[in-house]
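Please look over the model shown below together with its sequence. My notes follow it as numbered points.

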Amino acid sequence: MERMKVLVSTAPFGATSATPINLMKDAGVDFTINPFGRKMTEAELAEIIDEFDCLIAGTEAITSRVLANARKLKLIARVGIGLDSVDLVQAREQNIRVSYTPDAPSPAVAELTIGLMISTLRSVQISNQEMHNQRWQRFFGRRLSESVIGIIGVGRIGSRVIEHLAGFGSPEILANDCDPSVAARVPDHVKIVEKEQIYRDADVISIHVPLTGETQGMIGASEFQMFRKDAILINTARGGIVDESALEDALVKKQIFAAAVDTFGHEPYQGPLCNIEQCLLTSHMGSMSGDCRERMELEATQEVI
């Protein structure tokens, strides 16, 4: 009987635990791990996908071009929370099942979000840069408990962020979600409001929605005009939700105080936001805590097996 062939395109894989690799070995799976050690391009994935039955994927683009070459593929098991990188319509037409691991990364992403809030409120990233340049400068900042926090998207991650914020003296929280039942599930001190009120009134605005046709470009030039001058934007959700060009313009023109961005429209990111000190940038590492990464990889591997 021919052994099932699996391509692991996500990178890294097995770096925090060998358990997912050992599971495939024990199950007699013939697997190949991403030979590039980085996020694969569409062309690279399209070139090698044809011989595999299953794909353990990261955020690389699994487009119709890739799927057209995936003649044997039966399953795409996403390591992570989003499915925007997968052409779901084409996958359905080819009878390719698609799974993901939405619960596993949520604790790590929520904690990074809190860290980015504190760092930008206190200008930690700028002080760090100044110190490395041997310049001693102290910055006045703001505390979370004294800030109005806006949460857009109260799902797995957004709700965890709200829980963590309670440990900082329960700051005023404005929240928005497309699901009206959220109002019955949030703590009493959380006010469910329209997005426009969050844009106008929040000191810190944190994005926790998936990238869809409705959320693509959700925050652009017109939205930034509503922001307070001292507002901070946090995006640990998906690139594409925030118009990066509009964000650059808002920061340069000081329409907003600062931003922290973990996800980008094109990754690896090397764009103009890299030149703005008021923009704290991280390399899509929201889920990159050892325990959460291990759980994500394990769940995706179990789907394959």
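Predicted model: local features only at pLDDT ≥ 70, side-chain atom pairs only at ≥ 80, totals over all residues.

1. Residues are numbered from 1 along each chain as its sequence is written, and side-chain values use heavy atoms, with hydrogens and water left out.

2. Strand β6 covers residues 148–152, and because 5 of its 5 residues are buried, the strand is largely enclosed by the rest of the structure. Buried here means under 20% relative accessible area, exposed means over 50% and partly exposed is in between, with a 1.4 Å probe and protein chains only; helices (H or I, at least four residues) and strands (E, at least two) are DSSP runs numbered from the N terminus. In a regular strand the side chains alternate between the two faces of the sheet. In β6, V148, G150 and I152 point one way and I149 and I151 the other, and all are buried.

3. Which strands pair with β6? Strand β7 (residues 172–176) pairs with β6 in the parallel sense over 5 bridges, and strand β9 (residues 204–207) runs parallel to β6 and is joined to it by 4 bridges; pairing requires that DSSP find at least two bridges between two strands. I149 stands opposite I173 in β7 and also opposite V204 in β9. Together with helix α7 (residues 156–165), β6 and β7 make a right-handed β-α-β unit, where right-handed means that, with the strands pointing away from the viewer, the path from the first strand over the helix to the second runs clockwise.

4. The structure holds 1 cavity of 30 Å³ or more, and the largest cavity has a volume of about 40 Å³. On a 1 Å grid over the protein atoms alone, a cavity is a set of points where a 1.4 Å probe fits but cannot get out, a pocket is an open set with protein on both sides within 12 Å along at least five of seven lines, and lining residues have an atom within 4 Å of a point; grid points are joined across faces, edges and corners, and a volume is the space filled by probe spheres set on the points. Among the residues lining the cavity are N235, E244, L247 and V261.

5. The second largest pocket holds about 470 Å³ of space and is lined by 22 residues, of which K39, T59, G265, H266 and E267 lie nearest its centre.

6. Two cis peptide bonds deserve a check: one runs from A11 to P12, with omega near 0 degrees, and another joins E267 and P268, with omega about 0 degrees. P12 is found in the loop between β1 (5–8) and α1 (19–26), whereas P268 is in the loop between β11 and β12 (279–281).

7. S123, although not a glycine, has a positive phi of about 55 degrees and is buried, with a relative accessible area of 4%. Q134, also not a glycine, has a positive phi of about 60 degrees but is exposed, with a relative accessible area of 75%.
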